[in-house]
Amino acid sequence: MIQHRKGLVLDFGGVLTTPLLPAALAFERREELTEGTLLTGMYLNPEGIRLTEELERGMLTQTQWNEAAGRLLGIPPDNLMGRIFADLRPETSVIAAAAAARRAGVKVGVLSNSVGLTPWNLYDGYEVENLYDAVVLSEVHGTRKPEPEIFRLVLKELGLTAEECVFVDDTEQYLPPAAELGFATIHAVEPARTVTALETLLGIPLTDKDPDRVTL
């Protein structure tokens with residue numbers, strides 16, 4: 001007999017939003033950068049990785065990150081994070097599925113490696129405090145995915161065990177640490193597949209045909 005899960009933990013960027021990579025590539029085109037400049041400079045370069053991890057832990061402000069990343073990439077720093085992700089939009093099908101899960105009695109939390117809240121706020125307009133049962137942002141707690149402590153924090157907020165929950169993230173490397181704690185995991189690659197996998201693990205229908213049920 002399948003034991004359906006009764007908690008759902010969602011990454012934010014790339015799960016509740018449209019994918020990050022197309023937004024980053026669009027930024028490079030707007031800035032007239034060679035394709036791959038941002039990804040190489042900030043996510044493969046050790047200095048870029050250090051800066052981003054410190055931002056996610058709350059050790060740097062977004063403004064400090066903008067200044068340092070701008071120097072690293074050789075571009076103006078003004079609202080750099082906001083410029084990079086200007087093309088992100090709500091992933092409405094996953095947001096609707098999360099709302100349907102909550103209506104069915106599933107506890108739903110957001111677990112996000114945050115990128116600072118000013119001058120640009122990734123979460124602005126998504127009503128995360130109202131639409132979810134728990135919101136854990138890495139910078140608030142000084143720990144980040146994939147460290148086990150941040151998973152334990154969201155479980156505590158939800159009042160559930162890992163064995164009772166599903167964890168969804170678009171970054172595949174964050175899934176094994178969650179699975180080791182007991183989460184069922186879903187790699188978010190395509191929204192329809194994510195929703196279908198959630199329906200199987202939660203044991204409830206999540207497709208909501210009424211767009212008025214979710215307000216952004």
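**Exercise 1.** Find how strand β1 (residues 7-10) and β2 pair: in which sense, and over how many bridges?

*Solution.* Start with the terms: strands are DSSP runs of E with at least two residues, numbered from the N terminus, and two of them pair if DSSP finds at least two bridges between them. β1 and β2 pair in the parallel sense, over four bridges. Next, pick out partners in β2: G7 is bridged to K107, and L8 to V108.

A word on the model before we go on: it is predicted, so local features need pLDDT of at least 70, side-chain atom pairs count only at pLDDT 80 or more, and totals for chains, interfaces and linings use all residues. Residues are numbered from 1 along each chain as its sequence is written, and side-chain values use heavy atoms, with hydrogens and water left out.

**Exercise 2.** Explain why β2 is largely enclosed by the rest of the structure.

*Solution.* Use the cut-off for buried, under 20% relative accessible area (1.4 Å probe, protein chains only). Five of the six residues in β2 (residues 107-112) are buried, so the strand is largely enclosed.

Notes:
Buried means under 20% relative accessible area, exposed over 50%, partly exposed in between (1.4 Å probe, protein chains only).
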